[in-house]
Amino acid sequence: MDLENLPDAEFCMQEVRKWLAQRPQQPKVYLHVFGCQLNVAEGEQMAGILQTMGYAMTDEIQQASLILYHTCAVRENAEDRVFGTLGNIKKLKQENPALIICVTGCMTAQEHIADKIAKSYRYVDIVLGTSPANRLAQMLYAHMHGLRYAQDIAVYADIPENSESIRNSPFKASVPIMYGCNNFCTYCIVPYVRGRERSRKPEDILTEVRKLIQDGCKEIMLLGQNVNSYGKDLENQITFPELLREIDRIPGKYWIRFMSSHPKDATPELMDCLLECEHVAKHLHLPVQSGSNEILRRMNRNYTIEKYLSQVSYLREKAPDFSLTTDLIVGFPDESQEDFEATLALVKQVRYDNMYSFIYSKRTGTKAASMPDSISDAEKSRRMQELLVLQREIAVENNKRFVGRLLTVLCDGESRKHPGIMTGRSSENILVEFSGNPKMIGKFVQIRITDSKSSCVTGEVI
Ligand code: SAM
Ligand code: SF4
Ligand code: F3S
């Protein structure tokens, strides 16, 4: 079977549907997503496509006739976990040779990984990259026609808009607004596996968001590797703040969040928009990666700490309480003690509400992978611990500012450890715990904050 000349996706979808309909029982798919929120959103899209073809979803891997892993490549441990998982399911395929195993995502978009799977994990049937929704139906069609191994890890520029996702939550939704990345930060694999920036058309995004709000969705997370460059590739150019303002005009009670915002393109126009839009949450995730200008230069981040701090000041002068979070990498190749201390100094100055910190992980094919590195793993771990301790101290202090205040919280669910205790997040993205009942899930509730800890604040329903 020639993978280049398959019938179109729509035809393949119908054929797979007919094929599956012949089974005595409805076939089930076990879908597991590794990685970031974009991957989760893509998993929801694939679930929608699979359901259209006749599959039902299952959480029981033993019951599945299709196992689908959507993978991540951002750090080495993400890949190790996938290989470990694939090793564990070999016996399932031995017991049931009709089982279809499909692996997709950023990890398999790398040629050396796809080759490794083809050679060493011969029970895998289908391998796709970061455009799985474009080709899933066709690969299943090829499989159904007897192809032992189907692989297509190309990145497709066109964005499929005709499928309806199966959302994991009825009141919180992620909406990718663009795919790919043009920035080539020297440590990062994403531009290699996801290709160049492609923005969705604003009308497609607005239609999707309008429908979500009509269906009762309360929080919409707009996703892109650098949302600030949204629209630059479109024929009728539109900026990200313009898109935010368009969405903000949709009536209703809901919050808009977004990530990630690259500091090199975070403009005063964006900050003003955050402050002025009624529905935009009071939280900005502004990944800084390092507090050292020398490391930022070697990371190819294209901003200085001075520029970054001026953005923080612009926002904080107008809204002192605005919540800021960041991503930081510890142990970039040859990060000196002074570089690391500059990161600690930055964290002390900005006083983030939360931080996602990672030890640098070497990624094959990136520029940083060939940079000399004389810093030991033990020293990198020590620095990481020091940073985490500092951040915990800051979070404890920061969270105290909410005590005595009234916060609007979107209730997410019930604490597993403490029945009767509900959890949710405020507009500032602060985790809030309070006594309540499951009827509150998916609703906005007013909470008077009575106490604070490092990881959350607690309070009472008003
Ligand atoms: N596009 C987003 C941005 O620029 O902020 C980041 C997306 S990336 C998937 C999420 C985070 O993973 C990055 O902000 C960075 O801190 C971290 N990261 C990326 N590559 C890494 C690597 N090789 N080692 C450790 N952390 C890494
Ligand atoms: Fe990776 Fe940099 Fe692109 Fe973010 S902006 S995805 S860190 S290359
Ligand atoms: Fe996301 Fe991991 Fe890919 S963080 S973009 S799934 S490399």
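**Ligand contacts and a helix pair in a predicted model**

A nitrogen atom of ligand 1 is placed 2.7 Å from a polar backbone atom of glutamine 225, and a nitrogen atom of this ligand also sits 2.8 Å from a polar backbone atom of serine 361. These positions come from a predicted model. The side chain of glutamine 289 takes part as well: one of its N or O atoms is 2.7 Å from an oxygen atom of ligand 1. Altogether, ligand 1 is surrounded by 15 residues, and the closest are Gln225, Pro287, Gln289, Asp327 and Ser361.

Attention can now turn to ligand 2. Around ligand 2 lie Cys181, Asn183, Phe184, Cys185, Tyr187, Cys188, Val190 and Pro191, together with Gln225, His262 and Arg301. Sorted by class, this shell holds seven nonpolar residues, three polar ones and one charged one.

The next feature is a pair of helices. Two packed helices are described by the angle between their axes and the distance between the axes. For helix 1 (residues 9-21) and helix 6 (residues 132-144), the axes come within 8 Å and cross at roughly 50°. Helix 1 contributes Ala9, Phe11, Cys12, Met13, Glu15, Val16 and Trp19 to the contact, while helix 6 brings Asn134, Ala137, Gln138, Leu140, Tyr141, His143 and Met144.

Conventions. Residues numbered from 1 in each chain as written. Chains lettered and ligands numbered in written order. Predicted model: local features only at pLDDT ≥ 70, side-chain atom pairs only at ≥ 80, totals over all residues. Heavy atoms only, no water. Near = heavy atom within 4 Å. Nonpolar A, V, L, I, M, F, W, Y, C, P; charged D, E, K, R; others polar. Axes fitted to C-alpha atoms, helices over the stretch in contact; angles between N-to-C directions. Helix = DSSP H or I, 4+ residues; strand = E, 2+ residues; numbered from the N terminus. Contact = heavy atoms within 4.5 Å. Polar contact = N/O pair within 3.5 Å; in protein donor to acceptor, adjacent residues only side chain to side chain.
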